[in-house]
Amino acid sequence: MNRRTLTLIVALVPILVFGVLVSAVTVPFVSLGPGPTFNTLGEFDGKPVVEIEGTDVYPTSGHLNMTTVSQRDQLRLGEAMALWLSGREQLVPRDLVYPPDKTREEVDEANTTDFRNSERSAEYAALHFLEFPMAVTVENVNDPGPSAGKLRDGDAIDAVNGTPVTTLEEFQALLKDTKPGDTVKLDYRRKDAPSGVATITLGKHPDRDQGLLGIGVLDAPWAPFSIEFNLEKIGGPSAGLMFSLAVVDKLTTGDLNGGKFVAGSGTISGDGEVGSIGGITHKMLSAREEGATIFLVPADNCEEAKTAPQDGMELVKVETLSQAVDALKTLSAGGERPHC
């Protein structure tokens, strides 16, 4: 082997090694970036994103887009470098997204649960804003359990053994002295269906002597119609604000958004408090690229939001659902909005 060939081989070895590393080695990072947006006033897979049945629904226009963060895991070194160099993606240590004490499936399941809980909170917040009356509301029915097939999620309980109840405290007080095997009769109202009386034989409670109904209940605003949210494979709680606004828009006359392209993000509690979210700068980027001119920002995210390019997109600060509705109404009527 002559010297020229040897020199060429020696020079190619590190290049080949680097090529193998780039294409084969997985790095302990996750890429976060702008994800898809969904118009909560529109449709997804042929169904309304926010579907309301059993009452009058008013026409809407424009956009109220919820925003998401894309996430890529199991990145090869070359992929990670390309994403980082694009300037659109953020690389974070994988342990921050998938803690070492949890499996990926457990994390994904928790994110899905957070999303479903945000749907319920969005419904309660909207109904609370629209001043629907409070009721002792069935949040979930355990199956198997004593109430399975007799009560449903969303039922309002009006009486226990003929005694009216209007609060969770009153409901719990009437069940306090029951025992396993006792029979109770619950008067209930059901969405999109006749009212009724459920006769339930109580089971054994794992922690108390009290009889077990096998349901979760809470004080919540109740309406005689159903609200469904038809988005799948979305995780986390940050769609709550935009879901609530869509419910309010569909149940009231006029265009809440003034026919404009509004996007945003924010968690929401049942009483309408808007909370902070993650990935605000990524969500703003996807909203701008989709055409949004207004972005609703949770107050606690304002400082971070101001660090991102805005390109003329107006950042409206919101702390409550009521404040968000008031701010949007100024889009048609004119007036000052709270800004970040």
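In this predicted model, the second largest pocket lies between domain 1 (29–129 + 224–331) and domain 2 (132–219), because both domains give residues to its lining. The volume of the second largest pocket is about 490 Å³. It is lined by 21 residues, of which Glu123, Asp153, Gly154, Ile227 and Glu228 are the closest to its centre. Helix 4, strand 7 (134–141) and strand 15 (226–229) are the elements that each give two or more residues to this lining. Helix 4 supplies the largest share, five residues.

The largest pocket has a volume of about 940 Å³. Among the 33 residues of its lining, those closest to the centre are Val69, Gln71, Asn111, Gly235 and Gly236. Two or more lining residues come from each of strand 1 (29–39), strand 5 (63–72), helix 3 (94–97) and helix 4 (104–129). Here too, helix 4 gives the most, with eight residues.

| Pocket | Nonpolar | Polar | Charged |
|---|---|---|---|
| Largest pocket | 14 nonpolar residues | 13 polar residues | six charged residues |
| Second largest pocket | six nonpolar residues | three polar residues | 12 charged residues |

Helix 4 therefore calls for attention in both pockets: this helix gives eight residues to the lining of the largest pocket and five residues to that of the second largest pocket, the pocket that lies between the two domains because both contribute to its lining.

Notes:
Residues are numbered from 1 along each chain as its sequence is written. This is a predicted model: local features need pLDDT of at least 70, side-chain atom pairs count only at pLDDT 80 or more; totals for chains, interfaces and linings use all residues. Side-chain values use heavy atoms; hydrogens and water are left out. On a 1 Å grid over the protein atoms alone, a cavity is a set of points where a 1.4 Å probe fits but cannot get out, and a pocket is an open set with protein on both sides within 12 Å along at least five of seven lines; lining residues have an atom within 4 Å of a point. Grid points are joined across faces, edges and corners, and a volume is the space filled by probe spheres set on the points. Helices (H or I, at least four residues) and strands (E, at least two) are DSSP runs, numbered from the N terminus. Ala, Val, Leu, Ile, Met, Phe, Trp, Tyr, Cys and Pro count as nonpolar, Asp, Glu, Lys and Arg as charged, and the others, Gly among them, as polar. Domain bounds come from an automatic or database domain assignment.
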